[in-house]
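Open the model in your viewer and get ready to select residues. This tour goes stop by stop.

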Amino acid sequence: MGLQGLVRPSQVSKKWDNLKRKYKELRTPATGTGTDQGEATATTWPWFSAMHEAIGGRPSIEPPILLDSCACGCCGL
């Protein structure tokens with residue numbers, strides 16, 4: 001992109017974090033909130049579709065909980 005040397009990695013990381021936060025806010029807005037003040041919505045924020053394509057279909061970052069169902073007594077549980 002031609003930005004090497006012009007922006008620091010920490011700036012890029014902060015920008016990405018801010019984009020993710022904004023996407024998540026717009027994807028699931030709080031109930032009872034309006035757009036009287038001209039706030040961005042999923043349809044008006046220009047980066048929503050790009051962010052949805054990038055991270056919208058990704059599985060949750062929280063792994064499922066695995067339980068051991070061994071009843072033989074060999075594992076000490």
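Is Glu-25 buried, partly exposed or exposed? Select Glu-25 to start: its relative accessible area is 40%, so it counts as partly exposed. Keep in mind that this is a predicted model.

**Stop 1: the partner of Glu-25**
The side chains of Arg-21 and Glu-25 meet in a salt bridge, at 3.5 Å from N to O. Both residues belong to helix H1. They sit 4 residues apart, about one turn of the helix. Arg-21 has a relative accessible area of 46%, so it is partly exposed.

**Stop 2: another pair in the helix**
How many salt bridges does the structure hold? There are 2. For the other pair, select Asp-17 and Lys-20. Their side chains meet in a salt bridge with an N to O distance of 3.7 Å. Asp-17 and Lys-20 also lie in helix H1, 3 residues apart, again about one turn. Asp-17 is partly exposed because its relative accessibility is 39%. Lys-20 is partly exposed too, at 24%. The cut-off for buried is under 20%, so a residue at 24% does not count as buried.

**Stop 3: a nonpolar patch**
Next, select Met-1, Leu-3, Leu-6, Val-7 and Val-12. Together they form a nonpolar patch on the surface.

Zoom in on Leu-3. Where is it found? Leu-3 is in the segment before helix H1, which covers 9–27. With 39% relative accessibility, Leu-3 counts as partly exposed.

Methods:
Residues numbered from 1 in each chain as written. Predicted model: local features only at pLDDT ≥ 70, side-chain atom pairs only at ≥ 80, totals over all residues. Heavy atoms only, no water. Patch = residues over 30% accessible without salt bridge, like charges linked within 9 Å, V, L, I, M, F, W, Y side chains within 5 Å. Areas by Shrake-Rupley, 256 points an atom, 1.4 Å probe, with all protein chains shown as cover. Salt bridge = Lys/Arg side-chain N within 4 Å of Asp/Glu carboxyl O. Helix = DSSP H or I, 4+ residues; strand = E, 2+ residues; numbered from the N terminus. Buried < 20%, exposed > 50% of the residue type's maximum accessible area, 1.4 Å probe, protein only.
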